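Colleague: Could you take me through this structure slowly, and tell me for each term how you decide that it applies?

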Amino acid sequence: MNVKRIALILLILMLEPLVLAQPILVVNVTPEEVGGFPGDTLTVNVTVKNVGNETAENVSIYAMDSIPGVLFTQGFVSSLTPNSSYTFPMKIYLIKPEAGLYDVTIVSRVGNQVSECTLKLKVRSVVNFTLSIEGEERYLYGTNVTFTLGVDSQSNLLLYGDVKVIVFGENGKIIYTRTFKPMISSWGNWEKELNIGKLPVGNYTVKLLADFYGRKKTGTYNFSVYRRPLTFTAYFNSGKIIAEVREKGKPVKGVKVWINDREYLTDEDGRVEVEVTDPGVYIVRANLDGIIKEQIVNVERPIIVTSQVNGTLIVRVLDSKGSPIKGIPVVFKIGGEEKYEITNKLGIAEFNVSDIWGPGEVEIRSDKYLPASKKISIKKFERKQITTTPSSPTPSKTKPRITETNVTENLTASIPQEVTTTPITPGKKVDLPLIVLIVAFAVTLASSSYLAFLRPIVIEDSVDRYYFVRVKAPRLRGLKNFRFEKQASVKSAWASKGKVKIEGSKVVWEIQELEPEEEATLQLILS
């Protein structure tokens, strides 16, 4: 027994130094309670003392608790000898913490040994916020006015209060008001989109008023409602009614246009195109940012009146009021061939039919009118001999006077559809004044649209893919070495006189000589 006791005592004596040889840490913080506002930086002193009998290696100092919106710095001591101490200035950053009183555990640690103390941290409450109104500076008339109200909280507690929006017109009159009671979490935000509809042209002011726990703020926002300087035109061309809307020469898309009360929207080119097949009066309206503009487009189909005088086909073209249409292309088709002429100021075009007869057709092709056509029958022209018995001429005091006015008045009346010549029986007297009148009528008719005496007249026009040029020599002298050039992509070309050549993308027409008042025509078929 004694041996066993002695052995146990010796074992205890051997182990006792091992148990007592260790570092022991004690930690405390001063001050024990601190406080501040969001955005502040606080400092506390954390003191660590080694009360053990062995050096403490690699001692760390830190806050164990995590608080949203708060950051704590950490300390480190590489060596702390027995009975020595170290004071660490711990900084506390109050970034965005919520208001309240927090218990924070401060720790010093060496190996597995931990020493703790408690720090009381008080975050004081802050009531602060900013207001915002986001919208356009200018709103187009006819569009809805929308903007967004905003409250951005810089408070570390829940905000609950009143928000009011007021819209004033130019005269200071209130045109819109609305009140809200938002609840906004700490560091949160509140938004509200408002649509106050369409407003008249003018300048407006929006005021935003907010009151949270007695703290009041006001925000202001100005905007205007405007009209664009739009222009509007409407016309008929190539079988279509075309409406165009532009702003300072540039096309405007999405403008409402009505054609005879049917609604359309302008395309990217600022146009509305509607095909029409019936003549009549079309009312075209456009909404130019709240201003309704109206134009009347008169769509006409020309009236064709034809007559045959011996070997000449006379075609007269009239509008719906019976007035002659000058300068319109007339196409005469017979026997698979086409001939082209342009009406003079009397609305008349003439075709030589002395060597052709049979069924034919007259067509009017113009971008400014609906297409028109008329089927006709050309009678064979037979030249007849006129014989007379000698007789004494009857003296006449005055010669019949033929004027352009008389011819115009004569042609303004309805032209008969067909004129028949009656042969003169041999032995009957010939009415010479009548013959003079007929000859003068023909001469005046053929020259009524040409007022120039000393220079040639060149007329150009196009019908679909056909392009033709008509030249007439002056009255008092002929035309020599005439040359005409046209830049165009041409499939084929034909001339009633002279030579025509296609040189790449250029057409050259040359006529060596034309007698006074002689006419020639160039016809091009475009590619």
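**Reading the model term by term**

Modeller: Ring pairs join Tyr139, Phe147, Tyr204, Tyr221 and Phe223 into a cluster. This is a predicted model, in which local features need pLDDT of at least 70 and side-chain atom pairs count only at pLDDT 80 or more, while totals for chains, interfaces and linings use all residues. Residues are numbered from 1 along each chain as its sequence is written, and side-chain values use heavy atoms, with hydrogens and water left out.

Colleague: Why is the pair of Tyr204 and Phe223 called stacked?

Modeller: The ring centres of Tyr204 and Phe223 are 5.3 Å apart, and their planes stand at 15°, so the pair counts as stacked. The pair links distant parts of the chain, 19 residues apart, with Tyr204 in strand β17 (residues 202-212) and Phe223 in strand β18 (residues 215-226); strands (E, at least two residues) are DSSP runs, numbered from the N terminus. Both Tyr204 and Phe223 are buried.

Colleague: How do you know whether Ser108 is buried or exposed?

Modeller: Buried means under 20% relative accessible area, exposed over 50%, and partly exposed in between (1.4 Å probe, protein chains only). Ser108 has 0% relative accessibility, and therefore counts as buried. Ser108 is found in strand β8 (residues 100-110), and, not counting residues up to four places away in sequence, Ser108 touches Leu25, Val27, Val48, Ser60, Ile61, Gln113, Val114 and Ser115, where contact means heavy atoms within 4.5 Å.

Colleague: What makes β8 and β9 paired strands?

Modeller: Two strands pair if DSSP finds at least two bridges between them, and eleven bridges join β8 to β9, which run antiparallel. Within this pairing, Tyr102 stands opposite Leu121 in β9. The two strands β8 and β9 form a hairpin with two residues between them, and Gly111 in the turn has a positive phi of about 60°. Strand β8 is also joined to β4, by four bridges and again in the antiparallel sense, with Tyr62 opposite Val107 in β8.

Colleague: What makes a set of residues a nonpolar core, and which residues of the largest one touch the most other members?

Modeller: A nonpolar core is a set of buried Ala, Val, Leu, Ile, Met, Phe, Trp, Tyr and Cys residues joined through side-chain atoms within 4.5 Å. The largest has 28 residues, of which Phe72, Ile92 and Leu121 touch the most other members. Among the elements that give two or more residues to this core are β1 (25-30), β7 (85-94), β8 and β9 (113-123). A second, separate core of 26 residues includes Ile133, Val167, Val206 and Val225.

Colleague: How do you know that a charge sits over the ring of Phe129?

Modeller: A charge sits over a ring if NZ of Lys or CZ of Arg is within 6 Å of the ring centre and within 35 degrees of the ring normal. Lys217 lies over the face of Phe129, at 5.2 Å from the ring centre, and Arg124 lies over the face of Phe37, at 5.9 Å from the ring centre.

How values were computed
Phe/Tyr/Trp six-rings, centres within 6.5 Å; stacked < 30°, edge-to-face > 60°.
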